[in-house]
Amino acid sequence: MGKNSAITRVFRFYLEGFREMRLGKTLWLIILIKLFILFFILRLFFFPDYLGRFDNDGEKGNHVSNELIRRAINP
């Protein structure tokens, strides 16, 4: 790939556009903060690690299959 390849031109296009943004940088910061809250903070409180108590994949698989069967029989 040469110095002026399509990938290089696209990268420079977005890089220069990001450098010239004023409001856009603030909006990207808000988006990143919201993603952090959604994926890290909420995960700690609302999605407990039920399978963490099992030592290996076999035990985890057995637990999941037993739960699926139990919930299918007793909805």
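Reader: In what order do the elements of the protein run from the N terminus on?

Author: This is a predicted model. The order of the elements from the N terminus is α-α-α, and the secondary structure comprises three helices and zero strands.

Reader: How many aromatic pairs does the structure hold, and why is the pair of Phe-13 and Tyr-14 called edge-to-face?

Author: There are two aromatic pairs. The ring planes of Phe-13 and Tyr-14 stand at 80°, and planes over 60 degrees apart count as edge-to-face; the pair is therefore edge-to-face. The ring centres of Phe-13 and Tyr-14 lie 5.3 Å apart.

Reader: Why is the pair of Phe-36 and Phe-40 called tilted?

Author: The planes of Phe-36 and Phe-40 are at 35°. Stacked requires under 30 degrees and edge-to-face over 60, so this pair is tilted. Phe-36 and Phe-40 are four residues apart in helix H2 (residues 23-46), separated by about one helical turn.

Reader: What makes Phe-40 exposed or buried?

Author: Phe-40 has a relative accessible area of 51%. Exposed means over 50%, so Phe-40 is exposed. Phe-36, with 45%, is partly exposed.

Reader: Where does the charged end of Lys-25 sit?

Author: The charged end of Lys-25 sits over the ring of Phe-18, 5.8 Å from the ring centre; the distance cut-off is within 6 Å.

Definitions and conventions
Residues numbered from 1 in each chain as written. Predicted model: local features only at pLDDT ≥ 70, side-chain atom pairs only at ≥ 80, totals over all residues. Heavy atoms only, no water. Helix = DSSP H or I, 4+ residues; strand = E, 2+ residues; numbered from the N terminus. Phe/Tyr/Trp six-rings, centres within 6.5 Å; stacked < 30°, edge-to-face > 60°. Buried < 20%, exposed > 50% of the residue type's maximum accessible area, 1.4 Å probe, protein only. Lys NZ or Arg CZ within 6 Å of the ring centre and 35° of its normal.
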